[in-house]
Amino acid sequence: MVQKESCMKKTVCGYCGVGCGLVIESGKLKGDKNYPVNRGLSCAKGTTSLEALEKGHRLLTPQMRGHREEFFSPATWDEALERIADAIRRSDPRRIGFYLSGQMLSEDYYVANKLGKGFIGTNNVDTNSRTCMSSAVVAYKKSIGIDYVPLRMEEIDQCNLLIIIGANPAEAHVVLSTKMKRARKRGCKIVVIDPRRTESAAFADLHLPLRVGSDIDLLNLVAQRLIREERIDESFIAEHVKGFERYKAGILALDSATLLAATGLSYTQFETFMHLFCESENVISAWTMGLNQSVQGVDKNLALINLHLLTGKINKPGNGPLSLTGQPNAMGGREVGGLATTLAVHLDFDDASTEKVGTFWGSDNISKTKGLTAFEMFEAAERHDLDVLIVCHTDPVYHLPNRHRIEKAIANIPLVVEINAYENSETAAFAHIRLPAAPWGEKSGTQTNLDRSVTLQRAIRPPSDQARADWEIFAALGKKLGFDEAFAYESVESVFDEYKEMTKLSEKGHLDLYKTRYEQLEKAPFVWGEGLMKGHKFMTEDGRAVLHFVVNKALSERPSDDYPFILLTGRTRDQWHSGTKTAAVEKLLRYKPLEYVEIHPHDAEKLGISDGDTVEVASRRGTISTTARITDTVQEKTLFLPVSDRRLNYLTNDLLDPESKEPDYNHSAATVRPIPTKETEAKD
Ligand code: SF4
C-alpha cells in the first residue's frame with residue numbers, strides 16, 4: 001500500500017524551467033519570499049496553478065475501449081493494467097515504446113525508465129524534451145564532454161554582457177527575464193538576437209533582427225573577427241581547448257562579406273555588437289528553441305559555445321553558455337535516463353554501463369542498443385513496427401511536427417496508452433486506454449530546473465478521485481508484469497532514495513544527488529555537480545574542451561513561389577503548450593489569444609489582409625484558418641504562430657537534426673491568404 005503524501009502549503013512551480021518557489025497564503029498562490037530562486041517573484045502562470053487544477057478538464061478514472069471508433073468505458077485500475085501487461089507480454093521489447101515528458105517528476109521518470117529499459121528490455125524510452133532540448137544536450141557533450149550547464153542563473157548578476165539568442169524569456173521564462181532586467185539596471189548590457197522583435201528585445205540594449213536561419217553565419221562572423229583581431233584567449237586555448245588550428249583555418253577561410261550578407265544585418269548593427277562583445281569582461285549567452293529546434297540545432301549550439309571557448313569566457317563567474325530549459329524537469333529527465341540515447345544517470349549503453357546498471361537494478365534484461373527517439377517511434381509505427389506505445393503526461397499528436405503524418409502513424413499502433421491528468425489532449429482520440437494521472441499540486445517529487453537546481457514539488461492536496469502519481473502507475477505495471485520486488489516502493493521518497501543511490505554510479509561522479517534529501521530541498525534547491533569544471537578541467541577524456549568548426553548548410557525547408565513565407569513558432573507569456581491547464585484559466589486568456597498569425601504590414605497590404613481578418617495559413621503539409629495580427633515585430637516574408645494553437649503542427653515540417661533528432665520547428669515554408677467573406681465573394 002502506497003503511503004499518501006502529506007499536503008503542504010509550500011511547493012515549487014511546475015511550469016517553466018526557472019523553478020520558482022510558491023506558497024499558499026489565504027487560499028492564493030504567491031511567489032515564496034524565502035525561496036532563493038525567486039525571492040517572492042512569480043508570474044501569472046505560476047500563481048494561477050491552483051485555478052488551473054480546479055478548472056482544467058480532469059481525467060479522473062481509468063477508461064478503455066476496444067477500438068478507436070468506440071466510446072471509452074470506465075475500467076478498474078486492475079483491468080486496465082492487466083490489458084497493458086498482456087500486450088507487453090505478447091510483444092517483442094523492440095516493439096514497445098514509452099513516450100515520457102519534461103512535466104514528469106524525476107521519481108516518475110526513474111520508475112518509468114527502470115521498467116522500460118531495465119525490466120521490459122526496451123530502450124525506446126524517450127521524452128518530449130527530445131523536441132526542445134536534445135540539440136543542447138548533444139552540443140554540450142561534444143564540446144565540454146558532458147550534458148552540463150556550466151553556470152547558474154544567478155551569475156547573470158556578475159556578467160557585463162548577456163546575449164539572448166533564439167530565446168524569448170520575457171514570455172517563456174518570466175521570472176528570469178525580471179532578473180535580467182534588474183541586471184541591466186545594474187549595468188549589464190543585453191543583446192537580443194532574434195528575427196522577431198520580441199518582448200525580450202524590448203528591454204534589450206541592442207536587438208539584432210537577423211535573417212531566419214542565419215545564426216551560424218553570425219556566430220562564425222563573430223569568431224572570425226575575434227581571431228583576426230587577436231581578441232581570443234590564447235593561453236586558455238593552448239591549455240584547455242583542442243581543435244583550434246583546424247577550427248581557425250575553417251573560420252578564416254569564410255568570406256566575411258558573404259556571412260554578413262547572409263545575416264541581413266547592417267554593418268553598423270554588427271559592429272555595435274562586436275564592440276559590446278569585445279569590451280565585456282564577462283559574457284553569458286542564453287538560448288532556447290531558436291537554436292535548438294533546427295535541422296542544424298547541434299551545429300547552432302556549437303557555433304555559440306565556440307565563442308566562449310575562444311575567449312575563455314566559461315567556467316568562471318559571470319560567464320558561459322546557459323541553455324534555458326523550457327519545461328520544469330527537462331533536465332531531470334535527462335539525468336534519470338529519460339532519453340532513448342542514454343541508459344540512466346548520464347550513462348550510455350556500453351558494456352560497463354549496462355553491467356553496472358543491471359547489477360544495481362537486479363536485472364539482466366538491459367539491451368545495449370540505443371532506443372528509438374520521439375519522432376522515430378512514430379516512423380516505426382508507420383512501418384507497423386510498434387505494438388504498444390505508452391504516452392505519459394504529454395501530447396505527441398499535438399506537439400510533434402507534420403501532424404497528418406503523426407496521426408496516420410499512431411493509428412497503426414495496436415495499443416496506445418495515455419497517462420494524463422487532463423482528458424482534452426489531442427492524443428486522446430488515438431488512445432485505447434487512458435489512465436488518470438495526478439498533476440502538479442496532487443503529487444510530490446523532485447525536478448531539476450534549468451541550472452542544475454534540484455527542487456521539490458510538494459502535493460498541496462491529495463490526488464483527485466482515482467488519479468495516481470506517474471511513478472505509482474509505472475510501479476503497478478511493473479508488478480503486474482511480475483517484477484514485484486523491483487517495484488515495491490512504499491512512497492515517493494523511497495523512489496528518490498533509490499534514485500539517489502544510483503547517482504553514485506554516474507561515470508564522472510558528477511551527478512551527486514545522493515548528497516541531498518527531501519527535508520533539505522524543502523528549504524532550498526540542491527545544485528548537482530557544483531565546481532565540477534573548476535580549474536577549467538572539462539569533462540572530455542583529456543580534460544580539454546573541443547572547438548567544432550560548423551557552417552550554415554541551409555538545410556531547412558526552402559520557400560517557393562507557392563509557399564514564399566517562413567513560419568516561426570513560439571510560446572506566449574500566459575499559455576503553456578496546448579493549454580490543457582492555462583487555457584482553462586480566464587485570467588490567462590487576456591494577454592494574448594490562443595490562435596493568431598503575425599504578419600508584417602507590407603505583406604498584409606500586398607495580400608489585402610487587415611488586422612483581425614480570418615486568414616488561411618498553409619504549408620506543403622496542411623492548412624489552418626486563424627486570425628491575422630498585423631505587426632512589424634515580424635520581418636517581411638515571415639509569419640509567427642503561437643504554440644498555443646493546437647493545430648500548428650499540421651503546418652510544420654518534419655526535418656530532424658541528424659544527431660539530436662530534434663525537429664526543425666522554426667523554419668517551415670508557408671503561405672497566408674485571406675479567406676473570402678460572403679461580401680467579397682459577391683463583389684467578385
Ligand atoms: Fe512558474 Fe516559470 Fe512563472 Fe516561475 S517563471 S512562476 S517557474 S512559470
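Reply: Let us begin with Thr-325, which sits in the loop between strand E13 (320–323) and helix H16 (330–336). Please keep in mind that this is a predicted model.

Me: Is Thr-325 buried or exposed?

Reply: The term "buried" applies under 20% relative accessible area. Thr-325 has 0% relative accessibility and therefore counts as buried.

Me: Which residues is Thr-325 in contact with, leaving aside its neighbours within four places in sequence?

Reply: Its contacts are Gly-17, Met-133, His-173, Ala-330, Met-331, Arg-334, Asn-449 and Leu-450.

Me: Let us turn to helices. How many residues of helix H18 (374–382) are buried?

Reply: Seven of the nine residues of H18 are buried, so this helix is largely enclosed by the rest of the structure. The buried ones are Ala-374, Phe-375, Glu-376, Met-377, Phe-378, Ala-380 and Ala-381. They pack against strand E6 (96–100), strand E7 (125–127), E14, H19 and H20.

Me: Which residues of helix H20 (residues 403–410) are buried?

Reply: An α-helix has 3.6 residues a turn, so residues three or four places apart point the same way. In H20 the buried residues are Arg-403, Ile-406, Glu-407, Ala-409 and Ile-410. They span an arc of only 165° around the axis, which places them on the same side of H20. Their cover includes helix H18 (374–382), helix H19 (396–399) and strand E15 (415–420).

Me: What backbone feature is found just after H18?

Reply: There, His-384 takes a positive phi of about 60°, although this residue is not a glycine. His-384 belongs to the loop between H18 and strand E14 (388–392). With a relative accessible area of 48%, His-384 is partly exposed.

Me: Where does His-577 lie, and what is its phi?

Reply: His-577 is placed in the loop between strand E21 (565–570) and strand E22 (597–599). This residue, again not a glycine, has a positive phi of about 50°. Its relative accessible area is 22%, and His-577 is therefore partly exposed.

Me: Let us consider sheets. In what order do the strands E17, E18 and E19 stand?

Reply: As a general idea, in a regular strand the side chains alternate between the two faces of the sheet. Here three strands form an open sheet in the order E17-E18-E19, with antiparallel pairing. Strand E17 (445–448) and strand E19 (526–527) stand at the edges and have a single partner strand each, so one side of each is left without a neighbour in the sheet. Strand E18 (residues 453–457) pairs with E19 in the antiparallel sense over two bridges. Within this pairing, Val-527 in E19 is the bridge partner of Ser-453.

Me: In which sense does E24 pair with E22, and in which sense with E23?

Reply: E22 and strand E24 (residues 623–630) pair in the parallel sense over three bridges, and Ile-599 stands opposite Ile-630 in E24. Strand E23 (residues 614–619) pairs with E24 in the antiparallel sense over five bridges. Val-615 stands opposite Thr-626 in E24.

Me: Which residues are around the ligand?

Reply: They are Cys-13, Tyr-15, Cys-16, Gly-19, Cys-20, Cys-43, Lys-45, Gly-46, Val-174 and Val-175. Helix H1 (44–47) and helix H7 (174–185) are the elements that give two or more residues to this shell.

Me: Are Cys-16 and Cys-20 buried or exposed?

Reply: Cys-16 has 12% relative accessibility and so counts as buried. Cys-20, at 9% relative accessibility, also counts as buried.

Me: How many disulfides does the structure hold?

Reply: The structure holds zero disulfides.

Me: To finish, where does Gly-509 lie, and how many residues separate Gly-509 from Ala-52 along the chain?

Reply: Gly-509 lies in the loop between helix H22 (492–502) and helix H23 (518–521). Its relative accessible area of 42% makes Gly-509 partly exposed. Gly-509 and Ala-52 are 457 residues apart along the chain, and their C-alpha atoms are separated by 40 Å.

How values were computed: Residues numbered from 1 in each chain as written. Predicted model: local features only at pLDDT ≥ 70, side-chain atom pairs only at ≥ 80, totals over all residues. Heavy atoms only, no water. Helix = DSSP H or I, 4+ residues; strand = E, 2+ residues; numbered from the N terminus. Buried < 20%, exposed > 50% of the residue type's maximum accessible area, 1.4 Å probe, protein only. Arc of directions from axis to C-beta. Contact = heavy atoms within 4.5 Å. Near = heavy atom within 4 Å. Pairing = 2+ DSSP bridges. Disulfide = S-S within 2.5 Å.
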